[in-house]
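Me: I would like to go through this model with you in some detail. Could we begin with the terms and then turn to the ligand?

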Amino acid sequence: MIEIREAREEDRESAIRLLWKAFEATTNYDDYLKQEWIERWNNPEKENYAYVAVDKGKVVSSLSFFTTSEHEQIIRGASVRFAGVWGVTTDAAYRRRGLVKKLFDISFPRMREEKASLSILDPFHRPFYEKFSFALSEKRTRHIFNRGQIRAGKTRDDIIIREAKDPEDRKTIQQVERSMIRFGSRFFSSDGPLDYVMKNGIMHILEDKNGPVGCVWFNFTRGPPFTPPELTVSMSRYTSDDVFPSIVELVRNYSANVSKITWWADADVPVRHYFTDIHQPESHMLGSMMMRVVDLEDYCHSIKIPEETSEKVTIELNDDQCPWNTGVYTLIPDGGNLRAERSNSEPEISLNAFQLSEMIGGITPPTLLRSLQEIKCNAETAKRLDKMFPADTFVSYVRF
Ligand SMILES: CC(C)(COP(=O)(O)OP(=O)(O)OC[C@H]1O[C@@H](n2cnc3c(N)ncnc32)[C@H](O)[C@@H]1OP(=O)(O)O)[C@@H](O)C(=O)NCCC(=O)NCCS
């Protein structure tokens, strides 16, 4: 019989092999075992948890998640502790038997126990995770162009640009990243991913007399045979818009001998403003991260809402996978905070867990969801919900 349970140390070897088969079978197994994250798998002391399905002593399905500490994320204006799901896989011989479903069933209560009111993941396939009530919540952009297609802007001559190499620079980069919250919700880079990018590319910090004002990362890769290399630009962050032209200038300078530039940026970063050729460069709207509410009362309590929002809404929620959420609540705004109180009032809208996730996800606000016939309520209720959950771009600087 297949046993579904929290992972134990004795499962490590077979779980790691299962993850290798699912995600990294193109790499050499011995090299794979040297990767830094292996030690993080099932390490509750470091807030990493794993649940497994075990058949005859062998792990045949696995789901891992970590919980965040306060300084790493700002979601809807506040620090919302979340569970980041990763390493979801079932052995090829055991698929479509409901094993991942069972692993989610025992993971959600643990997430709640660990005080994560929200869960976030990077899906391989959107409909698969919609089954577990996760909704798309991230927006970011990929621009593809060549050097001749981007022009210079008016740079500030008081900005000094230096290369970031020192572990101390991580703090500086994180400080700049936190300023990007003016564009919406963020999960910031922690030390591990920052060490990786500093070692695998060229990281720059921009400073003026008051301290750090921007950063940007460059990485060169080989192009097709007999062509110049290609350049990837990423992590372009800045504390105020007048820093951005200096980042554009640095990108132009690094692009001198490259065949193609791919620039990953937040959706609101004005890269296209600098394109001379408006037909050839490509800009793709992407963003894959999905989120789901694990504990409604805690989630509402954790976030900030616009201060001017004052009208209540009574909702009915049905949540099969997190049954503690099921019930009728009145959502009560209170000077920029939100409370979800159990209520006996007549609900103005009835939602399932997926509809709730779509509503708080930040990409499709409630009035648009109503027009698209994804939720059912009157127009006035949708408008009141919009004021609590306006559009809010989420960007995860850490993919997991
Ligand atoms: C995707 C994967 C994890 C599914 O595991 P599983 O144990 O077979 O999933 P379950 O049997 O619990 O399926 C749960 C639901 O998803 C559906 N489903 C399963 N695999 C699916 C797939 N590849 N695409 C779409 N739906 C899928 C099932 O039909 C079931 O739906 P139902 O409840 O309506 O019947 C597994 O196929 C896998 O390991 N794939 C390779 C690794 C991978 O891509 N992991 C995801 C990383 S984000």
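Reply: Helices and strands here are DSSP runs numbered from the N terminus, a helix (H or I) having at least four residues and a strand (E) at least two. Please keep in mind that this is a predicted model.

Me: Understood. Where does Glu36 lie, then?

Reply: Glu36 is in the loop between α2 and β2.

Me: Is Glu36 buried or exposed?

Reply: Glu36 counts as exposed, because its relative accessibility is 52% and the exposed class begins over 50%.

Me: Let us turn to the ligand. How many residues surround it, and which are the closest?

Reply: There are 18 residues around the ligand, and the closest are Thr89, Thr90, Arg96, Gly98 and Lys131.

Me: Which elements supply at least two residues of that shell?

Reply: Strand β5 (82-90) does, as do the helices α3 (99-113) and α4 (126-130).

Me: What is the make-up of the shell by class?

Reply: The shell around the ligand has eight nonpolar, six charged and four polar residues.

Me: What about Thr89: how far is its polar side-chain atom from an oxygen atom of the ligand?

Reply: That distance is 2.8 Å. For Gly98, a backbone N or O atom lies 2.7 Å from an oxygen atom of the ligand. Lys101 also takes part through its backbone, with a polar atom 3.0 Å from a ligand oxygen atom.

Me: How much of the ligand does the protein bury?

Reply: The ligand taken alone exposes 900 Å², and the protein buries 74% of that.

Me: Which residues line the largest cavity?

Reply: The lining consists of Ile75, Arg76, Ser185, Met291, Tyr299, Ile360, Gly361, Asp392 and Phe394. By class, that lining has five nonpolar, two polar and two charged residues.

Me: Where is Glu47 located?

Reply: Glu47 is in the loop between α2 (29-32) and β2 (48-55).

Me: And where is the place of Lys56?

Reply: Lys56 is in the loop between β2 and β3 (58-67).

Me: Why does Lys56 count as exposed?

Reply: Lys56 counts as exposed because its relative accessibility is 78%, and the class requires over 50%. Glu47, at 22%, counts as partly exposed, because that class covers values between the 20% and 50% limits.

Me: Let us move to the serines. In which strand is Ser64 found?

Reply: Ser64 is found in strand β3. Ser64 is buried, because its relative accessible area is 0% and the limit for that class is under 20%.

Me: What does the side chain of Ser64 make a polar contact with?

Reply: The partner is the side chain of Trp41, at 3.3 Å.

Me: And Ser396, is it buried or exposed?

Reply: Ser396 is buried, with a relative accessible area of 2%. Ser396 lies in strand β21, which covers residues 394-396. A polar atom of the Ser396 side chain is 2.4 Å from the backbone oxygen of Val398.

Me: Two last residues. Where is Ile247 found?

Reply: Ile247 is found in helix α7, residues 244-254. At 0% relative accessibility, Ile247 counts as buried. The C-alpha atoms of Ile247 and Phe145 are separated by 16 Å, the two residues being 102 residues apart along the chain.

Me: Where does Pro306 lie?

Reply: Pro306 lies in the loop between α8 (296-302) and β17 (313-318). With 25% relative accessibility, Pro306 counts as partly exposed. Pro306 and Leu338 are 32 residues apart along the chain, with 9.7 Å between their C-alpha atoms.

Notes: Residues are numbered from 1 along each chain as its sequence is written. This is a predicted model: local features need pLDDT of at least 70, side-chain atom pairs count only at pLDDT 80 or more; totals for chains, interfaces and linings use all residues. Side-chain values use heavy atoms; hydrogens and water are left out. A residue is near a molecule or strand if one of its heavy atoms lies within 4 Å of it. A polar contact is a pair of N or O atoms within 3.5 Å; within protein, one must be able to donate a hydrogen and the other to accept it, and residues adjacent in sequence count only if both atoms are side-chain atoms. Accessible areas come from the Shrake-Rupley method with a 1.4 Å probe; for residues, only the protein chains shown count as cover. Ala, Val, Leu, Ile, Met, Phe, Trp, Tyr, Cys and Pro count as nonpolar, Asp, Glu, Lys and Arg as charged, and the others, Gly among them, as polar. On a 1 Å grid over the protein atoms alone, a cavity is a set of points where a 1.4 Å probe fits but cannot get out, and a pocket is an open set with protein on both sides within 12 Å along at least five of seven lines; lining residues have an atom within 4 Å of a point. Buried means under 20% relative accessible area, exposed over 50%, partly exposed in between (1.4 Å probe, protein chains only).
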